[in-house]
Structure formats: C-alpha cells, structure tokens
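Hi,

Here is the structure I promised to pass on.

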Amino acid sequence: MLRTGQRIVRGPLRIAADGIGFPDPRPDDRDAEGILWPRVTGEEQGDPLYADVHPLHQRAAMEDPRRLLCQVGMGPATVTSDGVLWLVPRPTGSATDPWRPGWPAVRTVEPPVCAAHAPLAARWCPRLRLGGHAAVFVRRAPLVAVDGTLYRPTAAGTVATRPRAVFELDGDGHQEVDARFLLAEHLVRRLEDVTPVDLRDPELYRDAVPCDAGR
C-alpha cells in the first residue's frame, strides 16, 4: 500500500521502436520480462493508504516464487505443509466459492499474507473487506500474467489505449498485448490446489510472529 506523501509516477513516457520508457531510464524500471513499471516517489513514512496499491511492493511480494511476501508487512508469507497462506475475495454461494468441493483455480493480484497480519489484511483491504473474503493455503501459485495500461504512439506522444490490458506469461505466443507498450500495475498468480482455513481458528496463530518483527 502507498503512504501519505508517496505518489505513483506513470509518465511522461517516451516512445521508441523498442517500446515505451521514461526519458531518464533506470535499471530497475523493468522486470525480468522487460516490461516497464511505474515509479513511486516519496518516503516509506506517513499514514498507510489502504485502498492504494503500491505497484512496486506488489511486484516485490509476488515476483519470486521462492520468497513470496506478506502484503502487509512485506516479510515472508506464512508457509505450512498445506502451502502458502492467501486471502482472496469470496464470491459466497457461487461455483467459485473455495469452501465448496472442487474449487477451481482463480487468478489474483493480491499478494499472500503472514498469519499475524491476515486479520489486518482482511480488515484493511477494501476488496476483501467490502466483498467478503476467504483464507486458503495454496500449494501451487504459478505466475501467469502482468496487467497494466497499454499505450500506442501518436504524433503528439503516447496515448493510453486500454486502461486494463493483460500480458499472458504462459500464453501460446499469440498475444493480444505487445509487452513493449505495456505499463505494468500488477503481477497475476493463479492459485491452485487450495485448502480453506478459518481465520477464527486459534491454531492458525500458534507461534505466529509478524513478518516485519525486528526490522
């Protein structure tokens, strides 16, 4: 999440044959796929803005499958023999309700959590609080896509053409989105082989320590 005093910088952007970029390129502007990400100005201080996703924190929390990070504390997410702890929006009563047998794999841009911060994430994240949520342990969560804004060149500069475009990382080569002209906002993981867990279960919090303790 962003904090007061921070701002997401999405431009100005230059356009070239190799895609979009900032006029003063930096090595950390792009991810391993070469996709451009916004910049964030301001210090990691001030009050948290729970409704505003920090795109670079989201990327850091989701990028490395060996080190998935908690969306609240940005420390290690909780991992058990059942998998990584995740909170997902819960469409109660539908076929995609994870409390029903045979819950299908779903995509999410929400990073996982540590057990100590799970109740905070459920309360603070507007999507989880307003629409309901489910807690699940996830055994497989492949990185499948990057979503963001697609740009195209014009004589006057760049123009956003699709406010939400998705570049499929596991596609068959027939992409609808040219990654060179995508300004990323989120990494997307697909959650597979899930086990529901009740956030009211005290066993979930046995020996739980906030992931950012000691920083």
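Strand β13 covers residues 182–197 and runs antiparallel to β10, with five bridges joining the two. Two strands count as paired if DSSP finds at least two bridges between them.

A quick word on where this comes from: it's a predicted model, so local features need pLDDT of at least 70 and side-chain atom pairs count only at pLDDT 80 or more, while totals for chains, interfaces and linings use all residues. Residues are numbered from 1 along each chain as its sequence is written, and side-chain values use heavy atoms, leaving out hydrogens and water.

Now the whole chain. You'll find three helices and 13 strands in it; these are DSSP runs numbered from the N terminus, with helices being H or I of at least four residues and strands being E of at least two. The C-alpha trace spans about 60 × 40 × 30 Å along its principal axes. Of the 215 residues, 42% are buried (buried is under 20% relative accessible area, exposed is over 50% and partly exposed is in between, with a 1.4 Å probe and protein chains only). Take the contacts between residues at least 6 apart in sequence: 70% of them join residues at least 24 apart. A contact means heavy atoms within 4.5 Å.

Is His117 buried or exposed? His117 is buried, because its relative accessible area is 7%. You'll find His117 in the loop between β9 (106–108) and α2 (118–124). Leaving aside residues up to four places away in sequence, His117 touches Cys70, Val72, Gly73, Pro210, Cys211 and Asp212. Leu199 is 82 residues from His117 along the chain, yet their C-alpha atoms are separated by 11 Å.

The other one is Ala61, in helix α1 (residues 55–63). Ala61 counts as buried because its relative accessibility is 0%. With residues up to four places away in sequence again left out, Ala61 touches Arg67, Leu68, Leu69, Met74, Pro111 and Pro112. Ala61 and Val113 are 52 residues apart in sequence, and C-alpha to C-alpha they are 9.6 Å apart in space.

Cheers
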